[in-house]
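Here is a short note for your reading of this model. Please keep the structure open beside it.

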Amino acid sequence: MWPIYTIVLLIAMLVLRCATTYYRVILGPTLLYLAHLVHQEVQDITFTYPALGGGTMLGSLVASYVNRNLKQKLNGLYLQAALTLILSGTVVVVPWINQIWQLALIFLVIGINIGYVIVDSQCLVLRTWDPKTARVLMYLLYVMGSLGRFLAPVVAGPLLAMSHENKAETKCSHVNKVASTNVNGTVGTDTGQQFDPAGWSYIIFGIVLFVVGILHIVLGCMKADEKSYEVLSSPDDVVEDKQSEEPLRYVIGILIPLFFYCFCSTGSSLLYQDMIYVVAKCSFLEFSTSEAAWVTAVYSIGLAIGRFSGILFARHVKPIYVVFTLVSGALITMVIMISVARTWPTITWIVSFFYGLFSGPLVPAAINWISEVINVSGTYAFIFALGGAAGTMSLVPSAGALFHLSPFYPIYLMCGVSAFNVICVCLILIAAKMRKLKNSEPEHELISKETPQDTHNTIQDHPHQEPNGHVNNGE
């Protein structure tokens, strides 16, 4: 039985993962609301997304540095508490901002917290629990992230339905022009104007984050992480690397297409999460506010089920087969969306579920596959986060520019990215095959390298016989 402080530490970590993911996803359903707050077009809001991706990269690097170099000198729970409280204070003021630079700053703070929480929680789990338990908890962290993705549209949907913007006679009338005024003549949330209910979607979880931040301070005072490590870990809990880390010149052929695979996988997943709400509402699909929010929720459900099913497939199916199935399925769903949606808008619900189902396990499946080819648990572990952040910073602004031309155009971008992802998988496979052929050695050399001592003893016990029949005694 785990100590009570360990259980509380785990709960706080899981809730924090859920809440930070919620704020990453809530940007999608509230995109029109944010555009109205800062009096900008949708494409202008998406151009601030690089701050989110850059913050995620920065937070990941900080967490990696702290866990590698400062864990003996700095109480990581205090730093986590400080970041959580800063995030809490930042998101609760969202309903009162009116400048786009303020929104970009909020994106940066959210990104830093997302990056730090992802890396720090993984390091804490791997450092504290035994390997078998840690694997279960790692999946639990991703499940909590999926829960945050699901809660975002569910919480935002009813609030957006009550929002001032929903009272517009013409939906998305401010998309193609600067959102300088509300439909009732008010401007943003200036002094004297009625509070927009959509703002509660940011305030609610801001309060939750405040409580979690205070809880981290209490856990830090108790040194819960250090005590949990002392109680749960043992000297025997050591995981050895199965592969040595090779120089960059030997694996660069795999890392480059792997970077673009993560670029496409993470970027397209977040792109769909962020854009499907405004696409469903403002394009010829003509979904209502609540329907558009629930489409995002359906995508999150498919994402969660995909990650759960990935656990089952990992035990019975080779990772390469899983990866090919996922990238092919994602491409097929996008092709169906483009081909059928105009005549049958209801297909959006089906496509949203299956696109989430196929895109959810893309990155974990690739990690399982690539780890069989090269060592990605050390220096090269950065490639997954780097590619994902680059995809987020590039694809979302591009989709915003396309949305300005036509609200349905981002779907074409997702289809193109899905097709390119299939190409990336093929390139990785080719590079892996070439590397395997290059590194292959004759069987007798392999045996000699693996069991040098046994071979030495065998030579002494049984002298080598030359081809001419004479025995060579080493003289």
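A crossing is left-handed if the near helix is turned anticlockwise from the far one by less than a right angle, and right-handed if clockwise.

1. Ground rules. This is a predicted model: local features need pLDDT of at least 70, side-chain atom pairs count only at pLDDT 80 or more, and totals for chains, interfaces and linings use all residues. Residues are numbered from 1 along each chain as its sequence is written, and side-chain values use heavy atoms, with hydrogens and water left out.

2. Helix pair. α1 passes α5 in a left-handed crossing. Helix α1 covers residues 4-25 and helix α5 residues 76-91. They pack at about 35 degrees, with axes 12 Å apart. Contact (heavy atoms within 4.5 Å) is made by L9, L16, T20 and Y23 of α1. From α5 come L77, Q80, T84, L87 and V91. By class, six of these residues are nonpolar, three are polar and none is charged.

3. Confidence. pLDDT is the predictor's confidence in each residue, from 0 to 100. The chain's mean is 77, and 78% of its residues reach 70 or more. Take care with residues 173-192, where pLDDT stays under 50. Among the elements, helix α17 (residues 443-450) has the lowest mean, 44.

4. Helix α13. Which element has the highest mean pLDDT? Helix α13 (residues 347-359) does, at 94. Its 13 residues reach 18 Å from first C-alpha to last, close to the 18 Å expected at 1.5 Å a residue. Its buried residues (under 20% relative accessible area, 1.4 Å probe, protein chains only) include I347, V351, Y355 and F358.

Definitions and conventions. Helix = DSSP H or I, 4+ residues; strand = E, 2+ residues; numbered from the N terminus. Expected span 1.5 Å × (residues − 1). Buried < 20%, exposed > 50% of the residue type's maximum accessible area, 1.4 Å probe, protein only. Axes fitted to C-alpha atoms, helices over the stretch in contact; angles between N-to-C directions. Nonpolar A, V, L, I, M, F, W, Y, C, P; charged D, E, K, R; others polar.
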